[in-house]
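These notes are meant for a colleague who is opening this structure for the first time. Please read the numbered points with the sequence and the model side by side.

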Amino acid sequence: MRTVWESVTRARAARDLDRLPEARRILGEALATAPEDPLLLAEVADIEFVLDDHVAALSHARAAIAADPKRVDAYLTAALVQHIEGEQDEALQYARAAVEIAPHDVSALLTLAQVIVGGPKTDESRAEARMALASACACAPQDADVLAHAAESYRKLADSDEAWRHVQRGLAEDPLHVELLELRARLEFEDFSTRDKAVATLRGLLGASPNHAPARRLLAEIMWRALLRLAVWVWFFAVAVVALSMWAGPGVLRVATPVLFCVVLGAWIRVFRSLRGQLPPRYLRKRLLRRPEALLGLCGLVFASLIADLGAVVLRTALVGAGYALLIAGMFGASLAHLMLFAAWLRRFGDETDRDACEEYALLSVIAALCFGMVALGVLGALRSWSRAPAAFPVLAALLGIVVVTLLLELVLVFAVGPRYWRRPVVYCTTLLVLLVLAVLGTKWSFAWMAVETFTGPD
């Protein structure tokens with residue numbers, strides 16, 4: 001009969017070969033003969049956590065803690081399970097207990113920081129996370145893996161300077177460390193002034209490690225965000241033309257609208273030229289051919305832009321209502337194209353998915369559209385009585401409504417395909433739900449108001 005240590009050694013060897021089910025089987029057989037052994041319980045809990053069997057992982061981790069209250073690795077597994085399941089208070093209790101047992105254990109310190117930065121943060125918790133990260137790096141100042149974990153936590157703390165410093169320290173120790181290179185690319189991407197460098201870093205990383213999934217997803221994210229900006233430029237054109245029509249006559253529109261169209265066309269050309277120079281050869285074509293909805297969205301976007309431009313032309317004539325209707329139609333077409341491109345971003349192809357960070361994009365887009373849109377509408381509404389064409393104001397409200405509805409649909413898609421990413425505290429979810437309800441009601445009101453005032457005249 002094998003000893004416990006022999007079974008653990010065989011299981012670890014199977015895990016190193018990425019044969020996780022076999023590792024769990026070996027540990028399960030050993031656990032049948034020694035059901036209360038804390039080492040076996042902690043090892044099987046760790047394997048089950050990696051296999052996403054969180055219920056079993058938490059059960060075995062708790063059993064290991066009961067068998068040996070000083071078992072640090074069991075506390076860390078329990079903390080990570082509770083953190084992923086959204087039980088932040090319990091996760092913090094387990095992580096803090098591990099640090100209290102082993103205050104100089106690097107894994108415990110990094111796990112505590114990871115749990116803190118992945119949940120709601122206060123000034124006190126931020127300070128606790130920084131102290132844990134500093135202690136971990138002091139215990140292993142030349143360990144590239146530790147520095148990579150610390151840099152990622154600093155990035156989530158919105159401390160890009162510290163994140164950069166730890167990335168540079170880690171790359172000085174291991175210039176080919178893939179996690180550090182991927183993190184450097186993400187930091188470069190988050191800074192508008194260094195986005196070109198991000199793509200160069202990713203291409204170098206993928207050249208050395210072509211199957212590195214986070215780097216592949218980040219490169220795909222750069223591409224999809226760029227394509228979505230094409231639709232945003234059409235939104236800009238329609239909103240700018242309608243806003244201009246509030247204050248300027250046909251003579252000014254005759255000069256300004258072609259200039260705006262050229263600005264949008266130039267922005268489109270810059271997007272494609274930038275992608276062509278940044279992305280690997282045939283990368284964009286292969287991604288689009290695999291997703292017909294993306295190709296259809298791009299074709300629809302071309303027609304939508306032409307319709308919006310025709311609306312701008314008609315707006316300079318006596319058929320002002322028809323011009324507004326065409327601009328609304330163009331806005332609707334661009335929004336549909338935006339939705340199709342976003343759906344293509346979400347869709348899995350084979351065993352690979354591109355939808356990294358799309359939930360953040362969707363949520364921040366809704367918040368930005370509501371906040372900035374409402375502020376702009378508020379200013380224009382306050383000045384409406386002094387404008388040349390007050391009837392343009394409800395059209396602007398309708399255009400904002402189209403954008404908000406589009407972004408809300410995309411947010412719903414994110415919920416549908418990836419609910420696990422959205423497990424947050426009840427207060428957060430309640431706030432988000434209230435935000436969505438208010439946005440839907442406000443959008444419905446804007447369409448009704450626009451139809452009454454624009455096409456039947458104000459009361």
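**Notes on the structure**

1. Because Arg-186 lies in helix α11 and Glu-221 in helix α13, the pair ties together parts that are 35 residues apart in sequence.

2. Before going further, please keep in mind that this is a predicted model, in which local features need pLDDT of at least 70 and side-chain atom pairs count only at pLDDT 80 or more, whereas totals for chains, interfaces and linings use all residues. Residues are numbered from 1 along each chain as its sequence is written, and side-chain values use heavy atoms, with hydrogens and water left out.

3. As for the overall make-up, the protein has 20 helices and zero strands, both taken as DSSP runs numbered from the N terminus (helices: H or I, at least four residues; strands: E, at least two). Of its 459 residues, 48% count as buried, and the accessible surface comes to about 22,700 Å², of which 63% belongs to carbon and sulfur atoms; these areas come from the Shrake-Rupley method with a 1.4 Å probe, and for residues only the protein chains shown count as cover. Among contacts (heavy atoms within 4.5 Å) with a separation of 6 or more, residues 24 or more positions apart account for 65%.

4. Returning to Arg-186, its side chain also meets that of Glu-182 in a salt bridge (3.8 Å, N to O). These two residues are four apart in helix α11 (residues 178–190), and therefore about one helical turn separates them; both Arg-186 and Glu-182 are buried. A network of salt bridges links Glu-182, Arg-186, Glu-221 and Arg-225.

5. The whole structure contains 15 salt bridges according to the search. One that deserves a look is between Arg-12 and Glu-43, whose closest N and O atoms are 2.5 Å apart; this pair links distant parts of the chain, with Arg-12 in helix α1 (residues 4–16) and Glu-43 in helix α3 (residues 38–50), 31 residues apart. Arg-12 counts as partly exposed, because its relative accessibility is 35%, whereas Glu-43, at 10%, counts as buried.

6. Which residues touch the most other members of the largest nonpolar core? In this core of 146 residues, they are Trp-224, Leu-227, Val-242, Leu-301, Leu-327, Phe-342 and Leu-399, a nonpolar core being a set of buried Ala, Val, Leu, Ile, Met, Phe, Trp, Tyr and Cys residues joined through side-chain atoms within 4.5 Å. Helix α13 gives the largest share of this core, 20 residues. Leu-301, not counting residues up to four places away in sequence, touches Leu-230, Ala-231, Val-234, Trp-268, Ala-334 and Ala-337.

7. Helix α13 also holds Val-239, which is partly exposed, with a relative accessible area of 33%. Leaving aside neighbours within four places in sequence, Val-239 is in contact with Met-331, Leu-396 and Leu-399.

8. Trp-247 is likewise placed in helix α13 (residues 213–247), and with a relative accessible area of 38% Trp-247 is partly exposed. Together with Val-375, Val-379, Leu-383 and Trp-386, Trp-247 forms a nonpolar patch on the surface, with about 550 Å² of accessible area. Patches are made of residues with over 30% relative accessible area and no salt bridge, like charges being joined within 9 Å and nonpolar side chains (Val, Leu, Ile, Met, Phe, Trp, Tyr) within 5 Å.

9. Lastly, the cysteines: with a disulfide taken as a pair of cysteine sulfur atoms within 2.5 Å, the count comes to zero disulfides.

Methods. A salt bridge is a side-chain nitrogen of Lys or Arg within 4 Å of a carboxyl oxygen of Asp or Glu. Buried means under 20% relative accessible area, exposed over 50%, partly exposed in between (1.4 Å probe, protein chains only).
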